[in-house]
Amino acid sequence: MKKSKKIIKINHSNIKKLKIMEVFLFLLMFLLIIKLAYLQFIKGPSLSKAASSRQTSTITINPARGIIYDVNGKVLAISAEVDTVSVNPSKIKYSNGDKVKLEFVAQSFSDIFGLEYSDILEKLNSDSSTVTIASKVESDKIDSLKSWMETNKIYSGINIDPSIKRYYPYNNLACHLLGFTGTDNNGLFGLENSLDSILSGTVGKIVTLIDSVKQEIPNQQKSYIAALDGSNVYLTIDANIQSIVEKYLSQAVIDNIADYGTAIVMEPSTGNILAMANYPDYNLNTPFTPLYATSWDALSSQEQTNYLYDMWKNKAVQNTYEPGSVFKIITSAIALEEGIVEENTPNTFYCAGHEVVDNIIINCWRHNNPHEGQSLKQALANSCNPAFIQLGLKIGAPTLYKYYEAFGLLSTANSPFYGESNSIFYNQNSIRKFELATMSFGQGINVTPLQLITAVSAIANEGTLMKPRIVDKIVDQNSGSVATNEPVKVRQVISKKTASEVMDMLDYAVSNGTGKYGDVKGYSIGGKSGTSENLGQGDGTYIASFMGFSPTVNTQAVVLVALYNPKGKSFQGGEIAGPVVAQIFSEILPYIGVASTNTASSDYRTTTIPDFKNKTVGEAKQLLKSYGFIVNVDTSVSDSELITNQMPKKGAQLLENSCVFLYTESNNVATSVTVPNFKGMSVSEAKNVALEHNLNISLDGSGIVISQDVAAETQVEIGSIISLTLKSELNGGW
């Protein structure tokens, strides 16, 4: 029997399914390849970076911020290691695992850090896993915290993390110039900001490989990049001169009820800034603490911000003002250099008490008693506006502006001062006679104090303009290399002859003119007063200023003092700013080595007080009365007791009828008294007021008191000597 062949039927349905599967797998493979290509070539770099970041640990090494020194090496700003204390409230436990009562922790922290108990307890009871208790904590408090933890056997939940704090050893000194740093240790204001790239240094880092549980993988190569510490900066500021300037500037602002005051001391031959001050000031170690905290909470957040910014502002370089008659120095120099006028030619100008320009009457300060005929020297000494209006019109706008630019008055100094502002002058092409007239005596224009003192210092420097210099040298902490910032000569603005003539006129203005309150016995002083009406602001306020030079030949120091909106007895620069410049000169000139020519004895008879220690009260009384002194000793003290202390101290020079206070072992407690305001008093008035306040005075000059070395309202020890400077009364003069 023949076998039949088996017929295999092909299932076309399955073949179709297989082909569909093949196509699907092909598409899947294609998409996978595209995905891999996308991950490899497009996302690869970012994924590699992300993987690297998860597999590596980077530890930042913070550099040490550079130190700021004064010119003599006194530290003005320095960084120190401090700590931040934080806690994990739920993890604060004793060593045996028991929880610590948060009230106990809050009270202990309050005692250690001097913080409010309720504030700390509120933080500890918050829902946060970690709360900061105190930042920038000094080592002594950290030691107290560690001792407390050891005593109470508390080792968990309290964290001590190192950080850096910027310190300013002299608190308020040169605060507006220096500025301060923020919480990240970067400069926020002042030189801390403008020199930040020099002071901050370069951050370093350590890079290591870590495993999935963030543990460092052993025996692997670490990458180490060292931090580069910031450079140290030495300024041209002299801390001693700065403190002298700040002392007298603050006294002047307070005594004259001014809104604020500004002062700069410059060495004209180098452009060095020896001091730069503004008052009111603030404490660099607590820069966010307002000066007048009583009304702080009543201010809106925007008002508070504006207040702080104004408190931090270095008005000597950031504010502009109308310089007033001080600007006549510049106008005089231009006229002499151009040969338009000579220094001593009689009747060059005529003052009728006013000048009419563009149908507008501009008065002289002495309009009721006109100066009449004057030379340029007399006009400057008299501070006569009509004379300088006549002079300005003769010079003309093109020539004036040529010299304004040459003196650096139309541009910033481009020095490392934070936020330096530029001047405001009229457009030269649209100046009318009236603007030309007012410019000639410093009205209608605005300059910064820095621009003005730089310009006039060129005259004191034989006509050579120097760039203002605040940085003396920079020392690299890493290499030890020193980069000296040499003085920069900008240009010769006027001839030596012209400069000498202007300095001679400024000397005359102090000895015979409206600048006489700037005089200092024993020194040649040149100067010019200024009283501007602040016309540009339109607020009816005045600015009283004085520019002083000493010596008038080979000048070593130029001093500018400006008081804004004084509301006291006077607003005239000669009367209230001149004495401040004189006070500053009287201390800084001997300090910088300028010899005094004053060999004459005092105009007032004085006696040197001897040392009474270990003498009996009876012996001291007898001797003091023979000198004409008033003896002050407690009535309960017997004449046989020995003296242990006295005020004034031995060696003091005392006027007749001065008070001497004696102390013994049984009564050795000195009291303090408030210093009165002697300004404007005659000699007899000052003596009587001093006696009433149990104080003594020393006198220099004659006339009325124009300055005192201790500010009114200051607390001093009973019997202290207050030095008073007197001058004949100045009747007007802007």
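Modeller: Let's start where the backbone nitrogen of phenylalanine 434 lies 3.0 Å from a polar atom of the side chain of aspartate 358. That's a polar contact (N or O atoms within 3.5 Å, one able to donate a hydrogen and the other to accept it; sequence-adjacent residues count only if both atoms are side-chain atoms). The model is predicted, so local features need pLDDT of at least 70 and side-chain atom pairs 80 or more, while totals for chains, interfaces and linings use all residues. Numbering runs from 1 along each chain as its sequence is written, and side-chain values use heavy atoms, without hydrogens or water.

Biologist: Which other backbone nitrogen lies 3.5 Å from a polar atom of that aspartate 358 side chain?

Modeller: The one of lysine 433. Contact here is heavy atoms within 4.5 Å.

Biologist: New topic: what's the strand order in the open sheet of 5 strands?

Modeller: β12-β11-β23-β22-β21, with antiparallel pairing; strands pair if DSSP finds at least two bridges between them. β12 (272–279) and β21 (526–532) are at the edges with a single partner each, so one side of each has no neighbour in the sheet.

Biologist: How many bridges join β22 and β23?

Modeller: 8, between residues 543–550 and 557–564. Alanine 544 stands opposite leucine 563 in β23.

Biologist: OK, cores. Which residues touch the most other members of the largest nonpolar one?

Modeller: Ile330, Tyr404, Phe407, Ile459 and Met547, out of 93 residues. A core is a set of buried Ala, Val, Leu, Ile, Met, Phe, Trp, Tyr and Cys joined through side-chain atoms within 4.5 Å. Helix α17 (residues 449–460) gives the largest share, 8 residues.

Biologist: What is methionine 547 in contact with?

Modeller: Beyond its neighbours within four places, its contacts include Val326, Ile329, Leu452, Val456 and Val558. There's also a second, separate core of 33 residues, with Ala277, Val580, Ala582 and Phe585 among them.

Note on methods: Helix = DSSP H or I, 4+ residues; strand = E, 2+ residues; numbered from the N terminus. Buried < 20%, exposed > 50% of the residue type's maximum accessible area, 1.4 Å probe, protein only.
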